[in-house]
Amino acid sequence: NGKMQEHHLLQLLSGILEWVDPPDVVAQAIESGKSESEMLDGCRALLSIATVTTPFVFDRLLKSIRPFGTLTLLSNLMCEVVKVLMMNNTEEGTWSWEARDILLDTWTTLLVSLDSTGRNVVLPLEVRNAAASLFALIVESELKVASASAMDDNGEFNYLQASISAMDERLSSYALIARAAIDATVPLLTRLFSERFARLHQGRGMIDPTETLEELYSLLLITGHVLADEGEGEIPVVPNAIQTHFVDTIEAAKHPVVLLCGSIIKFAEWSLDPEARASVFSPRLMEAIVWFLARWSQTYLMPLEEFRDSSTNLCHDTGYQHQSSTSRKALLSFFGEHNQGKPVLDIIVRISMTTLVSYPGEKDLQELTCNQLLHALVRRKNVCVHLVALGSWRELASAFANDKTLILLNSTNQRSLAQTLVLSAYGMRNSESSNQYVRDLTRHATAYLVELSGKNDLKNVSQQPDIILLVSCLLERLRGAANATEPRTQKAIYEMGFSVMNPVLLLLEVYKHESAVVYLLLKFVVDWVDGQISYLEVQETNIVIDFCTRLLQLYSSHNIGKMLMTQSSCLLGEAKTEKYKDLRALFQLLSNLCSKDLVDFSSDSIEAQAINISQVVFFGLHIVTPLMSGDLLKYPKLCHDYFSLLSHLLEVYPETVAQLSTEAFAHVLGTLDFGLHHQDSEIVDMCLRALRALASYHYKETGAGKVGLAAQAAGINNSNGNPEEGVLSRFLRSLLQLLLFEDYSPDMVGTAADALFPLILCEPRLYQRLGSELIERQANPPFKSRLANALQSLTSSNQLSSTLDRVNYQRFRKNLTNFLVEVRGFLRTM
């Protein structure tokens with residue numbers, strides 16, 4: 001029942017108590033010159049104990065020898081450490097800083113373990129009071145740091161310059177402590193935020209607001225973590241002790257969490273005032289506001305009725321947060337049934353547009369706005385329905401489509417904003433409205449590219465720096481729209497891509513020496529084809545295939561991305577492989593074309609489409625495969641994309657690969673051999689699937705009296721005139737070597753069996769010879785007999801036949817698994 005463990009942990013705790021208790025005496029002694037090593041070891045011991053027990057066992061350990069629990073000691077200890085940090089304005093690397101981090105890890109370990117229990121858990125009042133006191137001191141400490149940074153003339157420690165993401169881990173730990181005493185901590189945050197907001201508003205123009213702004217920034221980050229934990233956006237709740245009070249006597253609008261959110265939203269809305277924005281809202285403060293709104297809106301900006309049918313999945317609270325869903329209900333009620341969600345949604349959109357227009361050059365702020373806040377608004381249909389009806393959203397869409405103001409955004413943000421605006425079309429009444437909305441969004445960008453490509457002096461005009469920037473931004477817009485393709489907007493996005501087919505080819509011609517523009521052109525085509533290919537009918541598919549063929553021909557004629565294989569050894573780091581991004585894009589394009597599903601076409605159409613696709617793939621292979629080398633395959637992203645394409649091609653169009661020239665075919669198979677021994681199990685899996693496809697194709701073709709891989713499968717003479725094994729023989733030998741003598745993941749045995757089975761059927765004589773050689777090399781008579789029987793069973797047991805169908809593949813998988821269990825142990829000792 002755990003009593004022995006508790007006794008053991010109590011002994012450990014008793015042994016370190018004098019190092020950490022009483023906390024004030026210990027801290028004072030260290031500040032007076034005593035070594036901090038015992039105190040830090042005591043903190044580490046508390047963390048170790050916390051990792052092997054529950055919070056309740058942890059807390060009661062100390063109660064057998066003290067009038068208070070271990071959690072109270074933990075709280076008091078951390079309070080003293082925080083006081084030292086505040087008193088000395090301590091920098092990173094000192095004992096108090098290290099102790100604070102260890103104790104935070106201890107709190108996190110204990111409170112996260114409550115989350116994992118999945119039970120209703122109410123922490124004792126003593127623990128809640130200790131957590132509340134600790135959190136209040138933590139907030140005081142953070143506000144002091146923020147305030148002090150405002151007085152720093154050197155600018156070396158500016159709180160507003162701190163990275164939000166860099167503080168996430170520490171603030172998430174603070175939030176766990178706050179949610180352990182949410183009934184006290186939320187009113188505290190509300191009071192602190194409201195006081196500073198009022199001070200700022202009332203003293204406007206009469207005081208230097210810097211100190212207050214620094215504190216508001218800090219409070220925004222802390223509150224954002226308390227209201228929504230990392231990732232999932234869980235809700236803080238009210239302990240059972242005060243739940244009834246809120247439910248029975250306080251309306252939703254007076255709920256503490258609602259009051260806190262309302263104060264922050266009101267403060268954020270103030271940034272829309274141009275005068276206030278100029279004097280109060282710095283770019284860093286706006287970053288905190290945007291970050292908070294993005295985090296908050298993901299959870300709370302949703303009408304309540306949307307949750308009624310999904311309360312089990314969407315309204316759950318975990319662990320100690322499971323004490324009550326009162327706070328969630330209050331928020332959803334206030335921003336749903338009380339119709340406050342629409343005004344807040346409008347405020348958020350207007351703030352977003354303000355950050356994009358009024359803070360030019362603020363990359364981090366604009367990235368937060370585009371990639372987090374605005375993107376969060378279009379994640380749910382019910383929000384999109386209200387969103388597209390707002391005048392502010394229509395204003396944003398119009399400015400993006402027609403006004404040159406937003407062209408100041410960098411290219412990545414252009415893509416993100418375009419994707420968000422197109423995704424919002426999901427909230428339109430019908431498909432016709434959605435498509436028209438997308439046409440309006442993209443008309444200016446497509447018209448400009450068409451106009452530019454038609455200029456007589458295109459070569460001269462296109463090289464102007466401002467034109468290169470504009471073209472790049474417009475391509476990113478189109479790419480963002482393509483990434484947002486959905487059934488109801490597919491038609492408009494197809495029309496968008498169709499209208500710029502010729503401009504794309506012309507721009508590829510004139511920008512052949514601008515690698516960045518070339519890459520954007522290729523990536524737009526890749527993403528557009530990826531979004532469209534599954535929807536296209538026969539005629540549209542032919543148009544896309546013809547366009548891709550012309551694109552590949554143009555790429556090949558200019559030899560874009562050419563870098564000799566001998567030069568690839570000069571690559572010293574991952575960053576230099578950026579020169580090959582266009583090559584990766586081509587891999588992805590060919591893979592997208594191969595993914596076209598032809599099952600809905602007539603039989604004649606299927607054959608014609610298959611021929612057309614195989615031709616463009618064949619042409620693409622001749623372009624990309626010579627550029628690949630062993631050195632390039634060492635770079636993860638390029639390697640993954642290459643083998644993804646190769647396995648897909650061999651599975652879908654093996655006859656295309658068989659038609660490659662001898663040199664190109666040998667190069668492809670050489671890379672396949674490299675991938676078979678790769679450390680990445682996913683790469684190995686793709687290579688095994690490619691081998692299965694290659695061997696299966698040859699076996700079926702030759703069984704039907706056709707040539708299959710023809711000379712590629714037979715032995716040929718190398719450059720020295722010496723005979724070499726055919727490709728299938730070589731891979732049979734290589735795969736058996738891998739399975740019997742090398743290290744690999746057990747998870748790949750099934751895929752390896754699928755490749756080995758057709759290889760054995762293609763090369764039965766070689767298999768017999770290799771088996772005989774293996775038996776002869778075995779000196780131990782019992783092992784030799786076991787090996788002979790196992791080899792025989794591998795190709796004969798389980799009623800295995802020579803037909804490549806699903807049943808036989810399954811039977812061979814079982815046979816290979818049994819074979820390896822039987823012989824691999826003693827074979828590896830040979």
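Me: What share of the chain's 830 residues counts as buried?
Reply: Buried means under 20% relative accessible area, exposed over 50%, and partly exposed in between, with a 1.4 Å probe and protein chains only. By that rule, 54% of the 830 residues are buried. The model is predicted: local features need pLDDT of at least 70, side-chain atom pairs count only at pLDDT 80 or more, and totals for chains, interfaces and linings use all residues. Residues are numbered from 1 along each chain as its sequence is written, and side-chain values use heavy atoms, with hydrogens and water left out.

Me: How many helices and strands does the chain have?
Reply: Helices (H or I, at least four residues) and strands (E, at least two) are DSSP runs, numbered from the N terminus. The chain has 40 helices and two strands.

Me: Among contacts between residues at least 6 apart in sequence, what percentage join residues at least 24 apart?
Reply: Contact means heavy atoms within 4.5 Å. Of the contacts in the chain between residues at least 6 apart, 77% join residues at least 24 apart.

Me: How far does helix H22 reach from its first C-alpha to its last?
Reply: The expected span of a helix is 1.5 Å times one less than its number of residues. H22 covers residues 411–423, 13 residues, and reaches 18 Å, close to the 18 Å expected.

Me: Is H22 mostly covered or mostly uncovered?
Reply: H22 is mostly covered, with 10 of its 13 residues buried. Among them are Asn413, Arg415, Leu417 and Val422.

Me: Which atoms come together at the start of H22?
Reply: A polar contact is a pair of N or O atoms within 3.5 Å; within protein, one must be able to donate a hydrogen and the other to accept it, and residues adjacent in sequence count only if both atoms are side-chain atoms. Here a side-chain oxygen of Asn410 comes to within 3.2 Å of the backbone nitrogen of Thr412.

Me: At roughly what angle do the axes of H19 and H22 cross?
Reply: Axes are lines fitted to C-alpha atoms, for helices over the stretch in contact, and angles run from 0 to 180 degrees between N-to-C directions. The axes of H19 (residues 363–377) and H22 come within 9 Å and cross at roughly 20°. Angles under 35 degrees count as roughly parallel, over 145 as roughly antiparallel, 65 to 115 as roughly perpendicular, and the rest as oblique. H19 and H22 are therefore roughly parallel. The residues in contact include Cys370 and Leu374 of H19, and Ser416 and Thr420 of H22.

Me: How are H21 and H22 placed relative to each other?
Reply: The axes of H21 (residues 391–402) and H22 come within 11 Å and cross at roughly 135°, so the two helices are oblique to each other. Trp393 and Phe400 are among the H21 residues in this contact, and Leu417 and Leu421 among those of H22.

Me: Why does Lys523 count as buried?
Reply: Lys523 counts as buried because its relative accessibility is 8%. Lys523 is found in helix H28. Not counting residues up to four places away in sequence, Lys523 touches Arg479, Ala585 and Gln588. The C-alpha atoms of Lys523 and Leu586 are separated by 8.6 Å, although these residues are 63 apart along the chain.

Me: Where is Ala146 found?
Reply: Ala146 is found in helix H7 (residues 125–150). Ala146 is buried, with a relative accessible area of 0%.
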